[in-house]
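Here is a briefing on one protein model. Keep the sequence and the 3D view open while reading.

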Amino acid sequence: MDDVFAQVAGNPAMQIVLLMLTPFVLEEAAIVSAAALAAAGELGAATAFAAVFAGIVASDWVLYGAGWAAGRSRRVRAWVGQEAIDRGREIG
């Protein structure tokens, strides 16, 4: 198992993929990880930035899409309640 982690840790393509997926969990962790990889010379700063940027944009669009889909679901609308939906529309 340690061999697998060692191979992944040194593989720039895998680092880029992981940097793109990390914002789906925690954006700050992706930013710190990208900075650490760039500072250590594992990845170029522009490459690390681009990977995190793409991951953040993708995760935001997925979250937006999930909210959009939930807003059209009768089950979700019934669970949230019309009062809360109306308050949200007033605020937004």
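Start with a helix pair: α2, residues 12–21, packs against α4 at an angle of about 40 degrees, and the two axes are 7 Å apart. The crossing of α2 and α4 is right-handed. The model is predicted.

**Packing of α2 against α4**
- Two packed helices are described by the angle between their axes and the distance between the axes.
- On the α2 side, the contact is made by I16, L19 and M20.
- On the α4 side, T47, A48, A51, V52, A54 and G55 take part.
- Sorted by type, the residues of this contact are 7 nonpolar, 2 polar and no charged.

**The nonpolar core**
- The largest nonpolar core has 9 residues.
- Its members are L19, A30, A34, L37, L43, A48, A51, V52 and I56.
- Two elements give two or more residues to this core: α3, residues 27–39, and α4, residues 45–71.
- Helix α4 gives the most, with 4 residues.
- Which residues does L19 touch, leaving aside its neighbours within four places in sequence? L19 is in contact with A30, S33, A34, L37, L43, A48, A51 and V52.
- L19 also belongs to the contact between α2 and α4, as well as to the core.

**The annotated span**
- An unreviewed UniProt entry carries the annotation "transmembrane region" for residues 48–70.
- In the model, the span 48–70 is 100% helix and 0% strand.
- Its end C-alpha atoms lie 33 Å apart.

**E27, in helix α3**
- E27 sits in helix α3.
- Is E27 buried, partly exposed or exposed? E27 counts as partly exposed because its relative accessible area is 27%, between the 20% limit for buried and the 50% limit for exposed.
- Beyond its neighbours within four places in sequence, E27 is in contact with I56, S59 and D60.
- E27 and F53 are 26 residues apart in sequence, and their C-alpha atoms are 9.7 Å apart.

**L26, in a loop**
- L26 lies in the loop between α2 and α3.
- With a relative accessible area of 44%, L26 is partly exposed.
- Along the chain, L26 and V62 are 36 residues apart; 14 Å separates their C-alpha atoms.

**M14, in helix α2**
- M14 is found in helix α2.
- Its relative accessibility is 33%, so M14 counts as partly exposed.
- M14 and A58 are 44 residues apart in sequence and 18 Å apart in space, C-alpha to C-alpha.

**A66, in helix α4**
- A66 belongs to helix α4.
- A66 is partly exposed, at a relative accessible area of 44%.

How values were computed:
Residues numbered from 1 in each chain as written. Predicted model: local features only at pLDDT ≥ 70, side-chain atom pairs only at ≥ 80, totals over all residues. Heavy atoms only, no water. Core = buried A, V, L, I, M, F, W, Y, C linked by side-chain atoms within 4.5 Å. Buried < 20%, exposed > 50% of the residue type's maximum accessible area, 1.4 Å probe, protein only. Contact = heavy atoms within 4.5 Å. Axes fitted to C-alpha atoms, helices over the stretch in contact; angles between N-to-C directions. Left-handed = near helix turned anticlockwise from the far one by under 90°. Nonpolar A, V, L, I, M, F, W, Y, C, P; charged D, E, K, R; others polar. UniProt positions renumbered as here; feature names shortened; annotations may be inferred.
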